[in-house]
Amino acid sequence: MAKRFTKMAYSSPEEMVFGHSKAPISYGFGMKVGAGRVIPELNYAPRPGTEKSVDRLRKEYVDYISKDALDRALTLGFPDLQLETEWVSQMAAPEMSAPIVSGQRDLVEKYHDKYGINLAVRHTIPDQREAGQGLRLGLDKESAYPERFMTCVDTVCENGADVLSVESVGGKEFADYAVTHGDITAFLFGVGYLGSMDMEYIWKQMVSVAKKHKVIPGGDTNCSGANVAMFMAGGMMDNDVQKTFSAVARCISAARTLVAPECGATGPDKDCGYEGVIVKAITGLPAAQEGKNCQCAHADLQGNLMAQVTDMWSNESVEYHPEFGGSSIQCWLGTLGYEVSLMNTAIQMGQERTLRDLYMNSDRTRGPEGYVLAYDNAWKIGKVIAEYGDDYYLRAKAAGLTGANIIMEGYDKKELILTSKQLLVLKKMIKELEALPDNEDSFYEYCAKKYKDEVPDFNPKNYGL
Amino acid sequence: MSKTKIDYGAILRRYDAELENVSTPEAIAAKMLPSDPHLKEVASTVLYMKIREVGPVVMKALKEGVEPLILINKGLVAGMEIVSNLYAQHVYYLPEIMMAAKTMEIGISIAEKQIPGGRTTKGKVIMHAVEGDPHDIGKNIAAVMMRSSGFTVLDLGKDVAVDTVIATVKEEKPFMVSGTALMTTTMTACAAIAEKLKAAGINIPVMAAGGAVHRDFAESFDLGIYSEKAPQTPPIADKILAGYDWKKIRENWDDIVEGI
Amino acid sequence: MEYGISIDIGTSGISSHAVDLSDGRIISTAMTSRNPLPGANVMDHLTFCIRYGEDLAHRIMMSAVNRVLENLRVDLKDVRRVAICGNPIQLSIFQGMGVDDLAFAGETAHRVRGIKIRNRDSAEIPATDVGLNVPDGTPLFVPPAIKHEIGADALAMMYKSNFLEGKGIRMVTDYGTNAEMALNIDGEIYTGSAAAGPAMEGQSVERGMLASPGAISDLEYEFQWRCMVLDDEMIPRPGDKIDLATGSLIEEGDMHGKAVGITGTGVVAAVAAAIHGNMWKKGRLTIGDMRLQDGVKITSNDISETCKAIGAIRAGHFTLIEHAGIGFDDMKEMIMSGASGTYVDAAKAREVGMVPPLSRNIYQIGNTSLAMATDIIRRPELLDELQGIADSIRSNHVMFATDKVFEEIYIQELAYWEEGMTLETYNRNLSTAGIQALPRPKGMPNVHRIVVRDIPVFGDLGMHMFEDIGTELTAEFEGCTLCHTCVDECPEDALQFRGRTAVVRTKDCLGTACGRCQLKCPEKVFKYEELRVSDTDL
C-alpha cells in the first residue's frame with residue numbers, strides 16, 4: 001500500500017501563500033519550485049496537420065513553439081520558465097515523441113548555458129485507456145492502451161524530460177455518467193473510490209520508472225472528471241450542470257488527486273487540477289495552477305482566486321498561430337509572465353499575503369466552485385481528507401460532504417448567493433452523501449448493484465477488484 | 001512599502017545589461033581586428049582557425065606587398081591576441097586556442113622566410129618533457145600559450161636527456177628553461193638541470209611544471225620556479241623579461257598568477 | 001592439511017587466500033587496506049625504489065606480505081604452493097627484480113642510464129628465494145605479463161572474465177589509480193593504461209576516505225539525493241535526503257549524524273548528481289560546495305580531481321575505440337573489475353563517462369588478480385596455459401602518453417570538464433580532427449553484478465583485516481632543533497618523534513610525491529634519504 005497523508009502539512013490556512021511550499025523542489029536547469037518565487041509554466045498545442053510526420057511535429061514543437069517561447073522570455077526578461085508539452089495522441093508512438101523530448105531538452109540547455117535563464121520541460125503523456133477495453137496491463141487485448149501508456153512513460157524518462165505528468169482517466173466511465181445525470185454518488189464511486197485505486201496502480205509504476213531515470217514525477221489532475229463538470233457548469237449564463245454539483249465534485253476529486261503524492265509524486269502537480277489547492281494544503285508540495293491567464297483555453301469564474309497559493313502559474317494550453325504581437329504562445333507567455341512578476345514583486349516587498357487575499361476575495365463569492373477553493377475553505381476540506389486519510393472511500397465522501405456543508409453555511413450566512421436550482425441540487429447531494437454506507441465494502445456492493453446497467457463499461461478487473 | 005530591500009532580479013531580469021558583459025567572437029573581432037583589409041584577412045584566419053586557408057592568404061598578402069614583419073605582428077599575432085582574449089572570457093576553449101595557435105604558426109613560418117636575418121620576438125625559452133617522461137600534453141599546451149603570447153619557443157620534445165638540455169641552453173641562450181614531468185620518478189631531472197646550469201654559471205630560472213610537480217619541489221633547489229598550469233607560464237615569463245630573477249619570481253609568485 | 005596461498009599485491013593494499021589443496025576450497029582471507037611502501041600510487045612506489053633502493057623496497061614489501069600470511073591463521077609449515085598476481089611494478093618489487101625499466105619511460109632515459117627491459121614471463125621459483133616465510137622448496141608461481149607495458153593484472157582481468165571468449169566486441173577495465181583497459185574485437189585486442197590518479201579511490205578528495213563505517217558510499221536518487229552511509233557491518237544504509245541545489249536537508253535518515261567522510265564511489269555519485277542537476281559549469285560547482293550530511297561536503301576541487309580521472313579514462317576508452325576503427329554503437333558490452341569497478345554504481349559510472357555511453361550490458365566482476373592467483377594454486381599447470389594465452393594475444397598496445405588521437409581527445413576532455421566547453425563543441429572539434437562524435441548515454445544499461453564484493457569468498461575462517469603492516473623508518477638528524485615543523489606538516493600523521501629520533505610509518509607516508517617533511521624543515525636538516533629501516537626482522 002502506498003503511503004497515506006493523515007496529517008496536514010500546513011497547520012493553518014493562513015500559512016499558505018503563493019511561491020512558497022513546504023517541500024520546495026529543484027530540478028532541470030536552475031529550476032527551484034515553491035522556494036520563494038512563482039514560476040510561469042507555458043503550455044501549447046501544435047497546429048492541426050503538423051502531427052502527420054515525425055519531422056514536422058518535432059519542428060513544430062522544438063523549432064517553432066519552444067524557440068518562440070524562449071526568445072520571448074528573454075525579450076521580456078523573465079527569470080524562469082517551465083515548458084509543458086501535453087502530448088497529442090500521435091505522440092504515443094515513441095518514434096514520434098522521442099525526438100521532441102530530446103529536442104526540447106537540448107534547446108533549453110542551450111538557452112540556459114547562453115543566457116542563464118532558469119528552464120525545465122514537463123511532459124504530460126496522454127492517457128488513452130478505455131474502461132470498456134481494460135485499464136490495466138494485459139487487459140486491453142484490442143488496443144493495448146495500458147501497455148502504450150507505459151511506453152509513453154518510458155519515452156519521457158529515457159529522453160531527458162525534467163518532469164513527468166499525466167491527466168489520468170481512471171473512473172471516467174462513472175464520471176461521465178455522474179456529470180450528465182447529476183449523480184454525486186456515481187462521481188464518488190468512480191472518481192473518489194475507483195479513480196484512487198487506478199491512480200495508485202499507474203503512479204506506483206510511473207514513480208518507479210521516473211526514479212530510475214532521475215526524472216521528477218510531478219503529479220496528476222482530475223481533468224477528466226471535475227473539470228468536465230466545471231466546464232459543463234460553465235459561466236453565469238449556463239445551466240446544464242449546477243455549480244453546486246461541480247463544486248462538490250471538485251472536493252471529491254482532491255481525495256483522488258492526492259494519490260499521486262502518496263505514491264511518491266513530488267509536485268509541481270498538474271496546472272488544470274483546481275483541486276491542487278486542497279492537495280497543497282495537505283501535502284505541502286508545490287502546486288501548479290491556472291486561472292485568469294488561461295483564457296486561451298477556457299473561461300471559469302475563479303480566474304483570480306486560483307493564483308492565491310500557486311507555485312507555478314500556467315496558461316493551460318494555446319494553439320500555435322500568429323497574432324499581432326507575435327505568435328500566440330509568445331503573447332500568452334507575456335500575460336503569464338507579467339502576472340507572475342506581479343506575484344514575485346509582492347513577495348519581494350513583503351506584500352504576498354495582501355495580494356493573495358486580493359486574488360482570493362475577488363472571486364470568493366462569485367460561485368460555489370470558487371468558494372470551496374478559497375484557501376481557508378480548501379484547507380478545511382483538506383483536513384477531513386487527512387482525518388480519514390487511510391480510507392479512499394471515506395476520505396472522498398468526507399471531502400464531498402464537507403465541501404457541500406461549507407457551501408450551505410456560506411449560503412446560510414448570506415456570504416454566498418445560490419440560485420434556487422443550485423440550492424436544490426446542493427440539498428439533494430447532502431442528503432444523498434449522508435445516507436451512504438459507512439464502510440467501503442457496503443459502499444462497493446451498493447454501487448456495483450446500482451450502476452450495473454447504467455454504466456455498462458464498468459469492469460472490476462480494471463481496478464484490481 | 002513594508003520592505004525596503006527589493007531583489008529586482010528575482011522579479012524580472014535585465015538580459016540586455018547581462019549580455020553586454022558576454023563576448024562573442026564576432027563582437028570582439030569587430031573591436032580588435034585590424035582595419036587594413038590584408039591584415040584583417042590574415043588575422044581572421046587565425047581567429048576562426050582556418051588552418052587550410054592561412055597559407056594561401058599569407059602568400060597572397062606578401063605578394064601584394066605587405067611587409068612580412070608587419071604581417072606577422074599586426075596580422076597573425078593580432079589574430080592570436082583576440083583568441084587569447086576570447087579564451088580568457090570563456091568564449092573559446094583550450095582546443096580552439098590550440099588550433100588557432102597552429103594556424104598562426106603556419107602563417108609565421110611562411111612569412112618569416114622573407115625576413116632577412118629572421119624575426120625578433122619578446123624572447124626565447126626552451127621547453128621539454130624531462131628525461132624518462134613521455135607525457136608531453138601539458139608541455140604542448142604551455143608551449144602554445146607561450147607562442148601565442150609572443151615568445152619564441154624551442155620545443156625539445158619529450159624524454160629529453162639532461163645533457164641535451166644543458167647543451168642546447170649553452171648554444172641558444174634562452175632566458176628561461178622549463179621542464180615538465182608527469183612521473184614523480186622523473187621530476188628530479190629539473191633539479192639536475194638547475195644544478196648543472198648553476199655550475200656552468202648560467203643563472204636563468206628553471207621552471208618545473210607538470211602533474212607530478214608541486215610548488216614545494218620546484219622551489220626546493222636553486223634557480224627553480226613553479227608553474228601550476230599552462231596559462232600561468234606566459235605571465236611568469238613576462239616578469240623574468242622585466243628583470244625578475246628566480247628569487248624574486250618565487251617571492252611574488254602568488255601575485256603574478258593570481259586569478260589564473 | 002596442506003595449503004596453497006594466493007596473494008594479490010595492489011597499489012592500495014594486499015589481499016590473500018589460504019586454500020585447502022585437497023579440494024581447492026578457500027579456507028581464510030587476510031588483507032590490508034594499505035600498501036606498505038610510502039606513496040599513494042605506483043609512481044610514488046617507483047620513485048621510492050629509485051631513490052632509496054629497490055632492495056629496501058623489496059624488504060619492506062616482504063615484511064608486510066609475511067605478516068599478511070600470518071594473518072591467514074593457518075600453519076605456514078603446511079604451505080606447499082604460493083601464487084602471486086598484481087601489476088608489474090608490485091610484482092617486480094615482490095620478486096626483488098629491478099623496476100628501472102618501468103620507472104623511466106622513453107628510449108633516451110633508458111640509453112642514458114643503460115636500462116634493459118626485463119623479462120616478465122611466467123616463472124616458477126623457490127618461494128624462500130624472495131623471502132617468504134614458508135617451508136624450503138615451496139614453489140612460487142608468477143603469472144606472465146602480456147607485454148612490457150601490460151602486466152599479469154591485465155591478463156587476470158581478461159582471463160577471469162568472458163573478455164577473451166568467442167567472437168564479438170567487448171571492453172574490460174580494471175578501475176584503479178592506473179586504469180588498465182582492453183578492447184577485444186573478434187580476437188584482435190587493443191590495450192592501454194590511463195593514469196587516472198587516486199581520486200576514484202577517494203584520495204586527493206578533501207573529505208575522502210576508504211570504505212569504512214561512516215563513509216558516504218553512494219547518493220541515491222529519490223527526486224532529491226539521499227546519502228547512503230556505510231554502517232558498522234559496511235552495509236550502505238539511508239542517511240539524510242538533501243536538496244543539493246539549495247543545500248537544504250529534506251529528511252533525516254537512519255544514518256543521520258553518522259557520516260564522517262566519502263568514498264571514491266561516493267564522489268563518482270556526487271559527480272553524477274552534479275551533472276544531472278546541471279550544477280557543474282566552467283570547471284566549478286554553481287552551488288558553491290556541495291553540502292551532504294553531517295558537514296561532509298564536496299568541493300569544486302574534489303569534483304575537478306575526479307573529473308580529470310574520469311576524463312582520462314574516457315579519453316582512453318575513446319582512443320582504443322578509434323584505433324580499433326569501430327563506432328560507439330558497436331561497443332555494447334563492458335566489464336568492470338577492481339574494487340572501484342565493483343562497488344561503483346555502474347549506471348552512474350556510465351552516466352559520468354567511466355563506461356562507454358552506449359554499453360547495454362555491464363558486468364562487475366571484482367578483484368580478478370586474487371582470483372587468478374587462486375586458480376593457479378588450484379591448478380599449477382594453468383601457468384603454462386596463461387603463458388600460452390599471453391603469447392597468443394595479438395595485442396596492439398596504445399601508449400596514450402605519445403598517442404596523437406589520445407592527445408586530441410584528452411584536450412577536449414580537459415576543456416569539457418575544466419572550462420565548461422559543451423559536448424556539442426567537443427564533438428565539432430573532434431569532427432575537424434576526423435574523429436567520431438561522443439554520443440550521450442542512452443536508455444538504462446543492464447547491470448550484472450557477478451560478485452557481491454570484490455573478494456567474493458572469504459572461507460570458513462573468515463576475513464582478517466589488519467593495519468599493522470609496513471615498517472618504521474628512523475633517523476636522527478644533525479642540527480635538528482626538535483621544532484616539530486615536519487610533524488605538523490605531515491598530512492597523513494605518518495611522522496612522529498621518539499626523543500631525538502624521527503620515525504616515519506611507511507604505510508601512511510605519501511612518499512616522494514609529498515616530501516613536505518623535508519621541504520618545510522626550517523633548518524634544512526631533514527633528509528628523507530637518511531631514514532633507515534628500524535625493523536630488525538627485515
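1. Start with one residue pair. In chain C, Glu472(C) stands opposite Arg505(C), which belongs to β26(C). Keep in mind throughout that this is a predicted model.

2. Strand β24 (residues 472-476) of chain C and strand β26 (residues 501-505) of chain C run antiparallel. Five bridges join β24 to β26.

3. Now widen the view to the sheet. It is open and has four strands, in the order β25-β26-β24-β27 (chain C). The pairing is antiparallel. β25 (495-498) and β27 (532-533) of chain C are the edge strands, and each pairs on one side only. As background, strands of a sheet pair through backbone hydrogen bonds, either parallel or antiparallel.

4. Chain C holds another open sheet, this one with five strands. Their order is β13-β12-β11-β10-β14, and the pairing is mixed. β13 (248-251) and β14 (261-262) of chain C stand at the edges. Each has a single partner strand, so one side of each is left without a neighbour in the sheet.

5. Look inside that sheet. Strand β11 (residues 225-230) of chain C pairs with strand β12 (residues 236-243) of chain C in the antiparallel sense, over five bridges. One place to check is Leu230(C): its bridge partner in β12(C) is Pro236(C).

6. Next, chain B. Helix α3 (residues 37-47) of chain B packs with helix α4 (residues 54-63) of chain B at an angle of about 160 degrees. Their axes are 9 Å apart. Angles over 145 degrees count as roughly antiparallel, and α3(B) and α4(B) are therefore roughly antiparallel to each other. The crossing of α3(B) past α4(B) is left-handed.

7. Which residues make the contact between α3(B) and α4(B)? From α3(B) come His38(B), Glu41(B), Val42(B) and Thr45(B). From α4(B) come Val54(B), Val57(B), Val58(B) and Ala61(B). By type, the residues of this contact are five nonpolar, two polar and one charged.

8. Finally, where chains A and C touch. The contact takes 13 residues from chain A and 11 residues from chain C. On the chain A side, β1 (20-27), β2 (31-35) and α5 (184-212) each supply at least two residues. The residues of the side of chain A that touches chain C divide into six charged, four nonpolar and three polar.

Note on methods: Residues are numbered from 1 along each chain as its sequence is written. Chains are lettered from A and ligands numbered from 1 in the order in which they are written. This is a predicted model: local features need pLDDT of at least 70, side-chain atom pairs count only at pLDDT 80 or more; totals for chains, interfaces and linings use all residues. Two strands pair if DSSP finds at least two bridges between them. Two residues are in contact if their C-beta atoms, placed from the backbone, lie within 7 Å. Ala, Val, Leu, Ile, Met, Phe, Trp, Tyr, Cys and Pro count as nonpolar, Asp, Glu, Lys and Arg as charged, and the others, Gly among them, as polar. Axes are lines fitted to C-alpha atoms, for helices over the stretch in contact, and angles run from 0 to 180 degrees between N-to-C directions. Angles under 35 degrees count as roughly parallel, over 145 as roughly antiparallel, 65 to 115 as roughly perpendicular and the rest as oblique. A crossing is left-handed if the near helix is turned anticlockwise from the far one by less than a right angle, and right-handed if clockwise.
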